[in-house]
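Here are my notes on the model, point by point. Please read them with the structure open.

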Amino acid sequence: MIEETPTFSYYRGLKELNFATRTELEAAKLFDYHRIAWEYEPRTFILEQDERGNIVEAFTPDFYLPDLDQFIEVTEMKQSLVTAKNRKVRKLREAYPDIRVKLLYRKDFVRMAQKYGL
């Protein structure tokens, strides 16, 4: 979806980057600009399983910041996406209380990008 991915200095993952949205790309640029080590979609959390143990619902946060031990999920401003992601973040917090996760909106990254001229 994103045309060309720049080279990142603080990316700590192993897989090739393929951002799903421009907001994810903007977030990665900001992490790199601020010299924050980051990984892209490194872990999937099981949120719900059926009686046979089959996964019914799972959630893969967009970023992990290893030095801060913090997962970050970014979202576009479409209400349907915001509602679904808020629900998944809430379920993740309930199922994994020791996992730190934060939901950031596109407007948060746009403001930061404007502030730092990115």
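The points below go from the overall fold to single strands and residues.

1. Basis. This is a predicted model, in which local features need pLDDT of at least 70 and side-chain atom pairs count only at pLDDT 80 or more, while totals for chains, interfaces and linings use all residues. Residues are numbered from 1 along each chain as its sequence is written, and side-chain values use heavy atoms, with hydrogens and water left out.

2. Fold. The protein has three helices and six strands. Both kinds of element are DSSP runs numbered from the N terminus: helices are H or I with at least four residues, strands are E with at least two. The order from the N terminus is α-β-β-β-β-β-α-β-α. The radius of gyration is 15 Å, close to the 13 Å that the globule rule gives for 118 residues, so the protein is as compact as a globular protein of that length. That radius is taken over C-alpha atoms, and the rule is 2.2 Å times the number of residues to the power 0.38. Along its principal axes, the C-alpha trace spans about 50 × 30 × 25 Å.

3. Burial and surface. Of the 118 residues, 36% are buried. Buried means under 20% relative accessible area, exposed over 50%, and partly exposed in between (1.4 Å probe, protein chains only). The protein exposes about 7,500 Å², and carbon and sulfur atoms supply 47% of that area. These areas come from the Shrake-Rupley method with a 1.4 Å probe; for residues, only the protein chains shown count as cover.

4. Contacts and charge. Among contacts between residues at least 6 apart in sequence, 51% join residues at least 24 apart. A contact means heavy atoms within 4.5 Å. There are 20 positive and 20 negative side chains, and the centres of the two sets lie 5 Å apart. Lys and Arg count as positive, Asp and Glu as negative; His and the chain ends are not counted. Each charge is placed at NZ of Lys, CZ of Arg, CG of Asp or CD of Glu.

5. Four strands make an open sheet in the order S1-S4-S5-S6, with mixed pairing. S1 (39-40) and S6 (101-105) stand at the edges with a single partner strand each, so one side of each is left without a neighbour in the sheet. Two strands pair if DSSP finds at least two bridges between them. S1 and S4 (residues 63-65) run antiparallel, joined by two bridges. Tyr-40 has Phe-63 in S4 as its bridge partner.

6. Around S5. Three bridges join S4 to S5 in the antiparallel sense. Here Phe-63 has Ile-72 as its partner in S5. The two strands form a hairpin with four residues between them, and Asp-69 in the turn has a positive phi of about 50°. On the S6 side the sense is parallel, with five bridges. Glu-73 stands opposite Leu-103 in S6.

7. Burial of S5. Six of the six residues of S5 are buried, so this strand is largely enclosed by the rest of the structure. Both faces are covered: Gln-70, Ile-72 and Val-74 are buried on one side, Phe-71, Glu-73 and Thr-75 on the other. Thr-75 has a relative accessible area of 1%. Beyond four places in sequence, the contacts of Thr-75 include Thr-23, Leu-81, Lys-85 and Arg-106.

8. The other hairpin. S2 (residues 45-49) and S3 (residues 55-59) pair antiparallel over four bridges. Ile-46 has Ala-58 in S3 as its bridge partner. Five residues lie between the strands, and Gly-53 takes a positive phi near 90°.

9. Lys-91. Leaving aside neighbours within four places in sequence, Lys-91 is in contact with Leu-47, Glu-48 and Glu-57.

10. Leu-17. This residue lies in the segment before helix H1 (22-33). Leu-17 counts as buried at 14% relative accessibility. Not counting residues up to four places away, Leu-17 touches Thr-5, Phe-8, Tyr-11, Trp-38 and Tyr-40. The C-alpha atoms of Leu-17 and His-34 are separated by 19 Å, at 17 residues apart along the chain.
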